[in-house]
Amino acid sequence: MTTPTRKGSALDFTHGRVDLTHGGGGRAMAQLVEELFVAAFDNDLLRQRNDQACFAVDAGRMVMTTDGYVISPMFFPGGDIGSLAVHGTVNDVAMAGAVPIALSASFILEEGLPLADLRRIVQSMAAASIEVGVPIVTGDTKVVEKGKGDGLFISTTGIGRVPPGVEISGDRARPGDRILVSGTLGDHGVAVMSQRESLGFETTLKSDSAALHRLVADMVAAVPGLHCLRDPTRGGLAATLNELAGQSGVGMMIHEVAIPLRPEVLGACELLGLDPLYVANEGKLIAICPPESAEALLAVMRAHPLGTNAAIIGEVVADDHHFVQMETAFGGRRMVDWLAGEQLPRIC
Amino acid sequence: MKYIDEYRDGATARAIAAAIRAEADPGRSYALMEFCGGHTHAISRYGIEDLLPAHVRMIHGPGCPVCVLPIGRIDGAIALARQPGLILCTYGDLLRVPGSGRTSLLKVKAEGADVRMVYSAADSLKIARDNPDRPVVFFAIGFETTTPPTALVLQQAKALKLSNFSVFCNHVLTPAAIASILESPEVRALGTVPLDGFIGPAHVSTVIGSRPYDYFAEEYQKPVVIAGFEPLDVLQAILMLVRQLNEGRYEVENEFSRAVTREGNRKAQAVVAEVFELRRRFEWRGLGQVPYSALRIKAPYAEWDAEKRFDLPDRSVPDVKACDCGAILRGLKKPADCRLFGKACTPESPMGSCMVSAEGACAAYWTYGRFRHAQQGTA
């Protein structure tokens, strides 16, 4: 790499690129960590400058989760890989009904990545972390040779605390329970697809990438007896309902006319031959609750800005085959099966 | 969504379904074949069979281009993909079709071959222009609908003198396949497969027009109704077929008049005629060797013909022994009749081609309809 990465003593965020010294453990790496990561994520725990963050926690049950982010392209309408890496992991913590406490972040950088892109992503991640109120307290940076990565991969791990009395788990769906979604489906997947040059279509649609922990807090407060929560990311609604049906040993019946979908998403799916039920979301959740709490849960979801289009879309049924079925708008019935193979590459 | 919702309206569907129930004679049965995979998919996805009385039965035809491609041609594409430096461009569905020796394009891609999924023939031409130092082959398949775009890229490649580009042509013809089904002993002599009428292709007919079906209606005395791929199109076509059969008529009717004319798309037909000519015979999965049923690249375009440029294996490979794809493609069996269905053969690990494409009868049954077999205790 011959491009100078330093302008004077500071990092050159205009023309500079990541090179192997940024992961080499020397002064260049220390400079990148100080001038970019510590500066952006700044908080008391990170400022301890240890290989780990040390903090006290309340007594009770904790949750821990981890997720890798490899999305291509790194920037998309409504977000980027940085904000996604915060929202996605906060959501995985929140889907246990837990209050997120802290995140870690690990970066795998490819040699040649423009420092301007890296800074934009790190700043977006820092902004998302402040907005959701969950600090990034520890991290790691590695650099791989050109051709051995795709610009940038991020891994984040999150921990959270489950409020007393909350028992949310994928194995708790019972026949008769109602199935709710927090809003329109498929927005993220279609927004990302629109950025792929080979697909050649434009849309005003934005990714729904958002952190759902505050919505979840309202839901848990209103209906503490909530049975299941899950965010329908890869594989969309279809994959998530099949997971929950299998885990709980039940079947599900959903109603096509009740599923909220934007016309832009329907149009793009029509054009590309995709089924919106299989398209990824990054700011939506599926909730399953006892039938008597369904209306109260729907009301509290619709009162939150991230749940204005929430809807009751179906119910849990007894079924030894654990099938997810849908009553079509047309009046027939069909399975909503697991996705076979891969509908699209790398959208989260 | 405007211009889509109108063709998926539940209330209209119930009205047409009621008319079918009222008009279908309970004293006889109606065995109707939808030729196209697009129709098979619509029937399964919208649950159309739930709306039909038991004596109106749909038989799924061979109109799924991925399903009818014989293993030998997949092996040819795999051999191409394994050539060092070569880029093989293909439609997504083909990646997972098993070739012989349990391999597939997806597997050779994982081994390091450069196999790229494209959405159109034009994408492969662009890849060839962007990679002038590497041979780029477009693995072309499909019925009359996808043939004109392939013809166009061949014309463009010739005009651009694009020497690194070529086409592995596997385009097949609908009328020849319908004739093959109607000529099969099960239908013609033995009568073991009742076949009372056809739902004619949607997109294919926009290109070839409705005229080519006249022959089937006259010669075999079977009614044909050309229908669009929306669920209401399919239901309406079923009603039209029931009426023709009740009245003893066997005519070609056009339900899809919003897109199909009698003569078809003359411009597209001219482009195809300029670039392609008939093969004397071509192997179809399920149907075997079918005379004059496929196209090959004409001599003036030979330079862009991958079959001439590369040394491709050209041999017939039998299907997996227990696989019933052949019988299913001819309407002899239903997907659930196959011993492998849902056991050794699923969309995740397909043994036969009918399980690969979303338009294949087995994949459509498995993905959308297997609760019906589960209810009957057969799966």
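A salt bridge is taken here as a side-chain nitrogen of Lys or Arg within 4 Å of a carboxyl oxygen of Asp or Glu. By that rule Arg370(B) forms a salt bridge with Asp337(A), the closest N and O atoms being 2.7 Å apart, and the count between chain A and chain B is three salt bridges. This is a predicted model, in which local features need pLDDT of at least 70 and side-chain atom pairs count only at pLDDT 80 or more, while totals for chains, interfaces and linings use all residues. Residues are numbered from 1 along each chain as its sequence is written, chains are lettered from A in the order in which they are written, and side-chain values use heavy atoms, with hydrogens and water left out.

**The two interfaces**

Between the chains, 21 residues of chain A are in contact with 33 residues of chain B, contact meaning heavy atoms within 4.5 Å. The size of an interface is often given as the accessible area lost when the parts come together; buried area is that loss for two parts, computed with a 1.4 Å probe and summed over both. Polar contacts are pairs of N or O atoms within 3.5 Å, where within protein one atom must be able to donate a hydrogen and the other to accept it, and residues adjacent in sequence count only if both atoms are side-chain atoms. Chain B itself is divided into domain 1 (5-64 + 174-254) and domain 2 (67-172 + 264-309), with bounds that come from an automatic or database domain assignment.

| Interface | Buried area | Share from carbon and sulfur atoms |
|---|---|---|
| Chain A and chain B | about 2,200 Å² | 57% |
| Domain 1 and domain 2 of chain B | about 1,200 Å² | 68% |

**Chain A against chain B**

Of the area that chain A buries against chain B, Phe330(A), Arg333(A) and Arg334(A) supply 32%, more than any other three residues. Seven residue pairs, both members at pLDDT 80 or more, are in polar contact between the two chains. Helix 7 (263-272) and strand 15 (333-335) of chain A are the elements that give two or more residues to the side touching chain B, where helices (H or I, at least four residues) and strands (E, at least two) are DSSP runs numbered from the N terminus.

**Between the domains of chain B**

The C-alpha centres of domain 1 and domain 2 of chain B lie 31 Å apart, and 17 residues of domain 1 are in contact with 17 residues of domain 2. On the domain 1 side, Cys64(B), Ala176(B) and Val207(B) lose the most area to domain 2, together 40% of what that side buries. Across this interface the rule finds zero salt bridges, although seven residue pairs (both at pLDDT 80 or more) are in polar contact. Strand 2 (56-63), helix 8 (174-183) and helix 10 (203-208) of chain B each supply at least two residues of the domain 1 side. Helix 8 of chain B is mostly covered, with seven of its ten residues buried, among them Ala176(B) and Ile178(B); buried means under 20% relative accessible area, with a 1.4 Å probe and protein chains only.

**Ser207(A)**

Ser207(A) is found in the loop between helix 4 (187-193) and helix 5 (213-222) of chain A, and it counts as buried because its relative accessibility is 8%. Its side chain is joined to that of His188(A) by a polar contact of 2.7 Å, and a polar atom of the Ser207(A) side chain lies 3.0 Å from the backbone nitrogen of Ser209(A). Not counting residues up to four places away in sequence, Ser207(A) touches Phe76(A), Pro77(A), Gly78(A), Asp187(A), His188(A) and Ala191(A).

How values were computed:
Buried means under 20% relative accessible area, exposed over 50%, partly exposed in between (1.4 Å probe, protein chains only).
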